[in-house]
Amino acid sequence: MRVDFGAAVEPWRAEIRTWLAEHLVGEFARHLGVGGPTDAEAWELRLAWDRELAAGGWLGLTWPTEYGGRGLGLLEEVVFEYEYARARAPYRATTNGLDLLGPMLLAMGSSAQKQRFVPPILEVRELWGQGFSEPGAGSDLAAVSTRARLDGDEWVVDGQKVWTSFGTEADWLYVLARTDPESRRHRGLSMLLLPTGQPGVEVRPIRNLAGAGEFAEVFLAGARTGADLVVGGPGEGWRVAMGALSIERGATLLPQQLGFEREAEELVQLARERGALDDPMLRRRIVDAWISVRVMRTTNLRTVAELVAGRRPGAQAATSKLYASTHHQRLGHLAMEIAGPAAQVVAEDYGLDRRQRGFLLSLAETIYGGSSEIQRNLIGEQVLGLPRDPRPESPS
Amino acid sequence: MDFTVSAEQDELRQVVRAFLGRHSAEPQVRALMATDLGYDPAVWRRMGGELGLQGLAVPEKYGGSGFGPVELGVVFEEAGRALLCAPLLSSAGLAASVLLACDDEDVRADVLPRIARGWSVATVAVTGDGSWAPVGAAAPVAEARAGAWTVTGELTCVLDGLAADVVLLVARTPDGPGLFLVSPGAAGLGRVALPTMDQTRKQARLTLAGTPARLLAAGDAARQILGRALTAGAAYLAAEQAGAAAAATESAVGYAKLRVQYGRPIGSFQGVKHKCADMLVRVEAARSAAAAALWALAGGDDEEAAVAASVAQVVCSDALVRVACDSIQVHGGIGFTWEHPAHLYLKRAKSSELLLGTPSQHRELLAARLAPLTPAT
């Protein structure tokens with residue numbers, strides 16, 4: 001289905017198509033559709049592609065021009081993402097800075113922080129990693145115990161972070177730390193910007209279930225950063241983190257879900273080749289998988305339309321992640337089944353093909369960015385207005 | 001396609017919701033359920049006359065307001081919320097779509113304005129046995145003698161078949177399916193109310209014995225008209241289902257906030273809260289699928305509209321049935337009583353699921369279309 005955003009954006013669409021056709025060539029063209037939110041495949045090539053995009057001015061389309069962005073509207077960005085997905089360009093390696101830290105700084109950072117940190121994101125000169133989760137603070141993020149104290153004009157940070165995506169590649173981390181030692185839970189937290197290239201920071205890769213060292217644990221022992229490198233001011237860390245997570249749960253789903261459409265098409269193609277559509281049991285599941293990505297697309301379009309019109313997104317936006325992650329996992333299981341016994345054979349050194357990788361990595365989608373259980377709590381409490389669970393200590 | 005929600009659509013929704021709040025509250029629904037006709041003619045005329053609801057997708061030259069499927073879809077969604085007892089799907093959804101698709105100008109000019117203004121109740125009897133596949137072996141037989149057609153046979157599960165003063169039906173002719181118009185007083189036409197599990201949507205059995213009928217189209221032309229009308233009907237029904245699913249969910253959520261057990265509102269328990277969250281996920285999927293079907297209908301590409309309508313029937317039927325069951329579960333014992341309205345949604349869910357093709361039939365239609373599917377552009 002062609003998604004029509006009106007005649008006014010057609011020149012823009014044509015400009016995108018032309019540029020992608022001219023630049024998505026050579027090695028890039030040999031890596032169509034590579035990578036994902038938790039997939040480090042072809043990392044160096046994807047970084048090179050991101051720099052190609054940067055040189056073409058395609059990063060930070062909606063960001064203010066004074067920080068190197070293009071200052072365009074959401075509609076232009078959405079059209080770009082659709083064309084980007086259609087061309088099967090590599091999944092951007094720098095999503096942490098582009099989708100999370102950048103928007104967080106633009107919304108809540110100081111002018112000096114924006115000037116210092118935003119342009120290097122858009123030029124793909126500095127890569128970022130997220131320092132939120134800890135061994136004792138996963139879904140219960142307010143339980144963070146990493147501490148930071150002021151020593152002269154620097155913060156000194158001690159603690160441990162975990163599940164930092166692409167952490168070994170990060171030049172900087174944005175770290176949620178307790179800056180008020182007397183505080184508990186949501187109060188007294190701050191969002192610190194911390195360079196990794198120092199003795200007090202040790203990043204160790206963690207091997208995920210696909211066998212790849214995509215995420216990392218981070219040990220902070222007397223790590224230092226400037227007293228001014230706190231986003232939104234000291235004690236505002238919870239508000240800033242929640243803002244960042246809502247960004248993560250929102251607009252960044254679009255590129256990923258557009259990728260699911262391609263996967264569904266590939267699934268149907270595979271089903272045709274294997275005769276799976278002749279099997280009534282499989283046929284139903286194939287149709288349902290194909291239906292689910294159409295539903296995702298429409299749900300996203302509803303949200304996009306509301307945002308473009310300057311409205312607050314409706315309840316569907318809150319259901320999008322839960323729906324998409326659940327159905328994407330089903331699609332992965334189904335693709336494996338249709339491919340048959342050969343689908344489980346891996347290459348040397350646990351080398352996985354695209355289908356195997358997609359299936360295994362989809363298991364992360366119901367965990368990261370707010371697990372499905374947290375999503376159901378959020379929908380129940382924040383959208384439907386159901387009473388909160390009684391908690392041992394009330395946050396307010 | 002334009003998928004933005006306009007201020008006009010918002011306003012329309014508010015007007016319809018307020019109107020149905022006054023005229024389709026639970027006592028009125030229960031009163032109409034108990035009647036054979038199953039609708040309030042005065043309310044029906046006001047819907048058409050004052051509000052122009054039935055004519056939203058009818059061009060101005062036929063007495064409508066010339067908006068389109070998306071606007072009419074708003075009315076269906078609100079009608080679903082309120083479990084409106086009225087011949088909306090039969091008249092404004094199916095019959096108007098048949099007439100808009102056929103080229104018998106006399107009939108269009110005669111009937112469409114009456115539908116649009118709420119003066120008439122029209123229905124479409126597609127198959128003999130009420131199933132989705134048009135023109136099965138059970139369809140009535142049409143005969144021509146000296147240029148005049150008569151139809152003989154039986155039609156069951158005809159929506160609003162008792163209330164209708166315009167009956168469009170499909171019968172077998174030597175040239176394939178024929179689409180016919182039968183007037184209510186025609187000779188040999190018998191109509192009897194069909195008691196159904198869902199009492200909010202009336203159906204009837206029609207018998208025809210040499211009944212005079214006017215041929216509107218035959219063969220491929222009739223197939224095309226029926227295809228379009230069933231696609232439109234499926235899309236409007238999906239919108240109605242999405243609205244009903246939203247209302248059933250709101251009812252369950254409201255109860256979960258009030259009902260206290262173990263010293264807490266039951267909605268504070270994750271076992272209940274997460275069920276309610278999953279209900280909303282299904283409601284929003286249904287809204288998306290219905291919206292896509294209406295947009296596609298407005299877009300005018302028959303193939304895409306048929307695909308989107310089948311997707312919507314699968315998603316919305318599954319969603320409403322599941323959500324209606326979950327609502328009864330959240331309500332507990334009280335939800336299992338006749339007195340509580342939860343069962344009305346379950347029964348509407350079931351009739352809707354079976355009415356214009358079951359989810360399994362629509363999955364099969366989609367599976368058949370997946371073979372030549374080309375990648376999205």
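**Close-up views of a predicted model**

**View 1. Helix 1 and helix 4 of chain B are roughly parallel to each other, because angles under 35 degrees count as such.** The model shown here and in the other views is predicted. The axes of helix 1 (residues 7-23) and helix 4 (residues 69-81) of chain B cross at roughly 30° and come within 9 Å. The crossing of helix 1 of chain B past helix 4 of chain B is right-handed. On the side of helix 1 of chain B, the residues in contact are B:Gln9, B:Leu12, B:Arg13, B:Val16, B:Arg17 and B:Leu20. Their partners in helix 4 of chain B are B:Val70, B:Glu71, B:Val74, B:Val75, B:Glu77, B:Glu78, B:Ala79 and B:Arg81.

**View 2. A:Phe117 and A:Trp172 form an edge-to-face aromatic pair.** Over all chains, a search of the whole structure finds 17 aromatic pairs. In the pair of A:Phe117 and A:Trp172, the ring centres are 4.8 Å apart and the planes stand at 75° to each other. A:Phe117 belongs to helix 6 (residues 111-122) of chain A and A:Trp172 to strand 4 (residues 172-178) of chain A, so the pair ties together parts that are 55 residues apart in sequence. Both A:Phe117 and A:Trp172 are buried.

**View 3. Ring pairs join residues of chain A into a cluster.** The linked residues are A:Trp12, A:Trp19, A:Phe28, A:Trp49, A:Trp58, A:Phe80 and A:Tyr84. One of these, A:Trp58, also has the charged end of A:Arg70 over its ring, 5.6 Å from the ring centre.

**View 4. In chain B, the charged end of B:Arg264 sits over the ring of B:Phe269.** The distance from this charged end to the centre of the ring of B:Phe269 is 3.9 Å.

**View 5. A:Phe166 is not a glycine, yet has a positive phi.** The phi angle of A:Phe166 is about 50°. A:Phe166 is found in the loop that runs between strand 3 (154-165) and strand 4 of chain A. The relative accessible area of A:Phe166 is 7%, so this residue is buried.

**View 6. A:Tyr350 has a positive phi although it is not a glycine.** Here phi is about 55°. A:Tyr350 lies in the loop between helix 10 (316-339) and helix 11 (354-361) of chain A. With a relative accessible area of 42%, A:Tyr350 is partly exposed, whereas A:Phe166 in the previous view is buried.

Key. Residues are numbered from 1 along each chain as its sequence is written. Chains are lettered from A and ligands numbered from 1 in the order in which they are written. This is a predicted model: local features need pLDDT of at least 70, side-chain atom pairs count only at pLDDT 80 or more; totals for chains, interfaces and linings use all residues. Side-chain values use heavy atoms; hydrogens and water are left out. Rings of Phe, Tyr and Trp (its six-membered ring) pair if their centres lie within 6.5 Å; planes under 30 degrees apart count as stacked, over 60 as edge-to-face and the rest as tilted. Helices (H or I, at least four residues) and strands (E, at least two) are DSSP runs, numbered from the N terminus. Buried means under 20% relative accessible area, exposed over 50%, partly exposed in between (1.4 Å probe, protein chains only). A charge sits over a ring if NZ of Lys or CZ of Arg is within 6 Å of the ring centre and within 35 degrees of the ring normal. Axes are lines fitted to C-alpha atoms, for helices over the stretch in contact, and angles run from 0 to 180 degrees between N-to-C directions. Angles under 35 degrees count as roughly parallel, over 145 as roughly antiparallel, 65 to 115 as roughly perpendicular and the rest as oblique. A crossing is left-handed if the near helix is turned anticlockwise from the far one by less than a right angle, and right-handed if clockwise. Contact means heavy atoms within 4.5 Å.
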